[in-house]
Amino acid sequence: MNVALLGYGTVASAVCEGLLKNESLIKARCGVAIKPVVAVARTPKPNAPIPISTDLNEVLKREDIDIFVELMGGTDTALTAVKDLLKRKKPVITANKAILAHHRYELATLARHSFFGYEASVAGGLPIIRVLKEGLCANEITSIFGILNGTSNYILSSMSKSGTSFEAALQEAQGLGYAEADPSFDIKGLDAAHKLLILASLAFDLRTKPEDILIEGIEDISKDDMYFAREFDYEIKLLGIAKCEKNSVELRVHPAMIDKNKMLAKVGGVMNGVSVVGNLLGESLYYGAGAGGLATASAVISDLMDFARSKKPKTAMLGFEKKPKFTLTPRDKIYTKYYLRLKVEDKIGVLSKITLLMSKAGISVDSFLQKPKAKEPHSTLFFTTHHSFERQIEAFLKELSKQDFVKAKPFMMRIEKWD
């Protein structure tokens, strides 16, 4: 079976390496020899073990290719290439979460008579796509909670363990190669949002785009928030969340406090973890490397082997082409517990004014902590609430921001619990 690699960066070169290194094992397990015969790159690669072409169109037209693997990244050129191949009923594998997040239903329609694999688009080497399509297909999924971005998880893990600032943890991650020079796509939650939308499509048939859902990043998390989390036995994680209630699904990506005894709270460093709750199995957890050349290559090669075993379209298992059964829960109807960090004047009456504003918004306090002032001129107050609606918290924060005793922008984080 001849394979063309569209792109020859870190992942594509790792796919090539894996196919050549494990050639006999792969053939024994799927009954077919899988051979990378050409790769496309912008510039020649003199030391590559296979021929490199700089002409994408020439490779796309080759009739001796059995399957094409899109690993170029980006959206414009990659999307055009994938659409062209699917229109011609050519089998395609992609690791491109961006084109799936924005165009997955269009691609699903084009792939009705082709093989279309995308296991590597979410959580690197974790087989979470196959888990939802096959392993848990008899379950009605009720929730997904995922740590889907290794860069953000590394930063938060570093802040939690060493007490360092966000800025210092980010610089450390960049020095180790875990964060890009411009890390905004990771730390602002966009990468995790793309992955969550793919999972939500499989679990709930939701036809949503990134701009439709709540996305918040980790850049405003401080050492004070880590201090509170330690005091109350929480860990802070950037979570992708899909929660189903009747026919409505909450979809959101944001930092959250979770019980430190939860298995997901123990997922540290650059690792990924996904908790899936089904109505038959209950909760199951999937843990592993969510990025990196070899981890992602593992998922790409698993799709290649899947195609080699059958060489048949898998439209029924694609998961993106169904008519939506669920609707997206509006943001103001999100219902959870909240954590608040406030920097205020240290004087009599401030606390009572805050609790009065909470009461007017229909919010009740669950816990309260005041951090020792040290050398700071103002007091830092921490609150957690009982379950409230997002609209109530937003109304409270709007009124709070008008108060003269508030000396910095209030910070809010959600507290998540699940069975």
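Which residues of the largest nonpolar core touch the most other members? In this predicted model, residues are numbered from 1 along each chain as its sequence is written, local features need pLDDT of at least 70, side-chain atom pairs count only at pLDDT 80 or more, and totals for chains, interfaces and linings use all residues. Side-chain values use heavy atoms, with hydrogens and water left out.

The largest nonpolar core holds 80 residues, and Ile128 and Phe204 are the ones that touch the most other members. A nonpolar core is a set of buried Ala, Val, Leu, Ile, Met, Phe, Trp, Tyr and Cys residues joined through side-chain atoms within 4.5 Å; buried means under 20% relative accessible area, exposed over 50%, and partly exposed in between (1.4 Å probe, protein chains only). Helix 10 (residues 190-204) contributes 10 residues, the largest share of this core. Helices (H or I, at least four residues) and strands (E, at least two) are DSSP runs, numbered from the N terminus. When neighbours within four places in sequence are left aside, Phe204 is in contact (heavy atoms within 4.5 Å) with Ile141, Thr142, Ala242, Cys244, Val249 and Phe326. Another core lies apart from the largest one and has 31 residues, among them Ile26, Ile34, Ala297 and Val300.

The chain contains 14 helices and 18 strands. Its radius of gyration, taken over C-alpha atoms, is compared with a globule rule of 2.2 Å times the number of residues to the power 0.38. The chain is as compact as a globular protein of 419 residues, because its radius of gyration of 24 Å is close to the 22 Å given by the rule. The C-alpha trace spans about 80 × 45 × 35 Å along its principal axes. Of the 419 residues, 55% count as buried. Among contacts between residues at least 6 apart in sequence, 74% join residues at least 24 apart. The accessible surface, from the Shrake-Rupley method with a 1.4 Å probe and, for residues, only the protein chains shown as cover, comes to about 18500 Å², of which 51% belongs to carbon and sulfur atoms.

Most residues other than glycine have a negative phi. Asp205, which is not a glycine, has a positive phi of about 60°. Asp205 sits in the loop between helix 10 and strand 8 (214-215) and is buried, with a relative accessible area of 12%. Asp233 likewise has a positive phi of about 60° without being a glycine. The loop that holds Asp233 runs between helix 11 (223-231) and strand 9 (234-245), and at 39% relative accessibility Asp233 counts as partly exposed.

Ser53 belongs to strand 3 (residues 52-53) and counts as buried at 14% relative accessibility. Leu6 is 47 residues from Ser53 in sequence, with 9.5 Å between their C-alpha atoms. Beyond its neighbours within four places in sequence, Ser53 is in contact with Val38, Ala39, Val40, Ala41, Glu58 and Val59.

Val277 is part of strand 11 (residues 271-278) and is buried, with a relative accessible area of 12%. The C-alpha atoms of Val277 and Ile144 are separated by 6.5 Å, although the two residues are 133 apart along the chain. Not counting residues up to four places away in sequence, Val277 touches Glu140, Ile141, Thr142, Ser143, Gly282, Glu283, Trp418 and Asp419.
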